[in-house]
Amino acid sequence: MSYNSDEYYRSKAFKQMLLDFQEAEKNNLPIMLEPEDYVDIAEYYYNRGQVDYAQEISERAIDIYPGELMPLLFRARMELTDFNNPQRALFYAEQINDKFDTEYIYIMSEIMLAQGMIAEADDYLEGKYEGLSEETQMLFAIDVAGIFSDYNLSAMAEKWLNRSDRVNADDYKEQKARIHFDKGQFDECEKIYNELIDNDPFSTQYWNALASSQFLSNKIQESIQSSDYSLAINPENAAALLNKGNGMYNLGNYKEALHCYKKYVETNSDDESAHLLIGCCYMLDDKYEKAIEHFERAYRLSTKDSPYLLDIFRNWAMSLCKINRKKEGFDMADMISMADCDEYEQLVFKGSLYAECGDLEESNKCYFEAIEKSHYSPGVFMRVCIAIFDSGDMGLAYQMFKSLFTTVPDWNKGYAYMATCCFYLKRIDEFLEYLKLAVEHTPEETKTLLGHLFPVDMEPIAYYDYMIKFLEKYK
């Protein structure tokens with residue numbers, strides 16, 4: 001939720017207004033601001049993780065200015081984005097006096113979309129669109145495209161954006177870039193963001209969006225560089241800190257990643273994913289007690305349908321076993337059933353825990369129980385292969401992957417793991433064979449597992465030819 005740019009919040013005018021507000025709060029003195037000013041201050045605190053205080057400030061503005069658009073709009077969007085409560089959002093939206101303002105129309109459509117009423121929202125917006133002047137229609141179409149993009153409805157977003165003829169306007173280009181991003185068309189996305197940055201090189205929003213696109217297209221160093229540009233503009237920019245942390249984590253620089261994540265949670269302390277990442281950084285540095293603290297914090301912040309629960313439980317359980325708190329670790333493994341996890345996943349994970357504790361007999365029992373119960377599903381078989389690989393037993397992992405590829409000849413996943421096994425087992429001919437298949441079928445996984453063998457800025461597609469030439473030098 002963002003109504004203003006970082007540049008505005010760094011302006012002298014806003015800083016002075018914020019100082020006046022803070023002084024009045026500190027000394028319990030009355031202060032009268034415009035409704036938009038209250039919203040700006042509320043958003044300032046909201047963006048720094050102080051959601052409750054932002055809510056309090058916006059409620060104060062609603063009491064002072066009943067029916068005013070911006071405070072009610074802010075509260076309605078909070079109900080949608082922070083509390084997932086469309087009915088409460090509607091309660092605030094219906095209090096807006098000016099029902100003809102396009103912002104009122106937008107929030108009503110967002111409330112529909114939050115309830116899964118996609119066709120109804122589209123019909124509602126179509127009806128409002130018809131009554132607008134041609135010039136306003138062009139702006140309206142761009143805004144509506146942004147709303148549908150917010151709900152990951154890229155086809156609907158594209159339909160609306162194509163109605164606008166303002167193709168050279170920055171707001172049009174922003175929505176075009178978002179649609180490319182949602183479609184995984186990262187090269188086109190990056191091209192547009194670079195154009196936008198040429199026009200506005202001090203926009204942290206554009207630098208952050210470019211960094212995200214570069215990260216997802218495996219241009220990790222470029223992503224980190226874009227994040228650094230954003231941080232040079234605003235050293236406390238949360239999105240830039242998170243993007244840079246993710247880039248450093250991807251490169252194996254866990255110390256720098258941890259620094260970024262810790263700075264990020266200073267203003268986003270309720271972000272469960274950030275605490276999970278901090279825990280993982282500590283875990284990879286063998287600081288298991290600290291890791292457990294953050295996994296526990298992440299769990300407390302999570303909801304029952306959180307997409308992070310499985311990773312939280314798995315890493316938490318493994319950390320407990322690492323410091324010989326085995327019973328707690330296996331109790332935690334039992335909690336995996338609370339996450340979006342099937343019976344086979346739970347058995348494979350328990351097998352990896354037993355392996356970590358040195359009980360290979362129990363470990364193998366779990367693995368083969370998972371395979372048998374799944375009726376020898378290739379997917380479950382591969383999970384077992386990866387678990388054995390992660391335990392460091394390259395010889396057994398090699399044998400298991402070999403069995404998988406032999407039994408299911410058209411299976412095209414796991415090649416990067418097999419190539420890694422062959423490399424460490426010095427099976428060079430097989431290493432090259434599986435490397436070639438890996439870069440063809442799973443380039444991102446290949447870069448993660450084998451990228452350390454190649455120049456940092458090299459794309460996976462070039463790995464095979466590079467390795468052939470490299471090995472020829474030393475024959």
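The questions and answers below go through a predicted model of one chain.

User: How many helices and how many strands make up the secondary structure of the chain?
Analyst: The chain has 475 residues, of which 48% count as buried, and its C-alpha trace spans about 75 × 50 × 45 Å along the principal axes. Among contacts with a separation of 6 or more, 50% join residues 24 or more positions apart. As for secondary structure, the chain comes to 28 helices and zero strands.

User: Which residues does Ala89 touch, not counting residues up to four places away in sequence?
Analyst: Ala89 belongs to helix 6, which covers residues 86–93. With a relative accessible area of 0%, Ala89 falls under the 20% limit and is therefore buried. Leaving out residues up to four places away in sequence, the residues touched by Ala89 are Ala76, Glu79, Leu80 and Ile111.

User: How far apart in space are Ala89 and Lys326, C-alpha to C-alpha?
Analyst: In sequence, Ala89 and Lys326 are separated by 237 residues. In space, taken from C-alpha to C-alpha, the distance between Ala89 and Lys326 is 46 Å.

User: Is Glu110 buried or exposed?
Analyst: Glu110 is found in helix 7, residues 102–114, and it touches Arg77, Leu80, Ile147 and Tyr151 when residues up to four places away in sequence are not counted. The relative accessible area of Glu110 is 8%, and because buried means under 20%, Glu110 counts as buried.

User: How many disulfides does the structure hold?
Analyst: A disulfide is a covalent bond between the sulfur atoms of two cysteines, and here a pair of sulfur atoms has to lie within 2.5 Å to count as one. The sulfur of Cys280, a buried residue with a relative accessible area of 10%, has its closest cysteine sulfur in Cys281 at 7.2 Å, which is too far for a bond. Cys385, buried with a relative accessible area of 0%, is likewise in no disulfide, as the nearest cysteine sulfur, that of Cys421, is 8.7 Å away. For the structure as a whole, the number of disulfides is zero.

User: Which kind of aromatic pair do Tyr45 and Tyr53 form?
Analyst: The count for the structure comes to 31 aromatic pairs. In the pair of Tyr45 and Tyr53, the ring centres are 4.7 Å apart and the planes stand at 65 degrees. Because planes over 60 degrees apart fall into that class, the pair is edge-to-face.

User: Which residues do ring pairs link into a cluster with Tyr45?
Analyst: Tyr45 is buried, with a relative accessibility of 8%. Ring pairs link Tyr45 into a cluster with Tyr8, Tyr9, Phe14, Tyr44 and Tyr53.

User: Which kind of aromatic pair do Phe454 and Tyr463 form?
Analyst: Phe454 and Tyr463 are both buried. Their ring centres lie 3.9 Å apart, with 5 degrees between the planes. Because planes under 30 degrees apart count in this way, the pair is stacked.

User: How do the residues that line the second largest pocket divide into nonpolar, polar and charged?
Analyst: About 2,100 Å³ of space lies in the second largest pocket, and of its 50 lining residues the closest to the centre are Tyr249, Tyr254, Leu284, Asp390 and Thr448. Among the elements that give two or more residues to this lining are helix 15 (238–250), helix 16 (254–265) and helix 27 (443–450). By kind, the lining residues divide into 27 nonpolar, 13 polar and 10 charged.

Notes
Residues numbered from 1 in each chain as written. Predicted model: local features only at pLDDT ≥ 70, side-chain atom pairs only at ≥ 80, totals over all residues. Heavy atoms only, no water. 1 Å grid on protein atoms, 1.4 Å probe; cavity = no way out; pocket = protein on both sides within 12 Å on 5 of 7 lines; lining within 4 Å. Points joined across faces, edges and corners; volume = space filled by probe spheres on them. Helix = DSSP H or I, 4+ residues; strand = E, 2+ residues; numbered from the N terminus. Nonpolar A, V, L, I, M, F, W, Y, C, P; charged D, E, K, R; others polar. Buried < 20%, exposed > 50% of the residue type's maximum accessible area, 1.4 Å probe, protein only. Contact = heavy atoms within 4.5 Å. Phe/Tyr/Trp six-rings, centres within 6.5 Å; stacked < 30°, edge-to-face > 60°.
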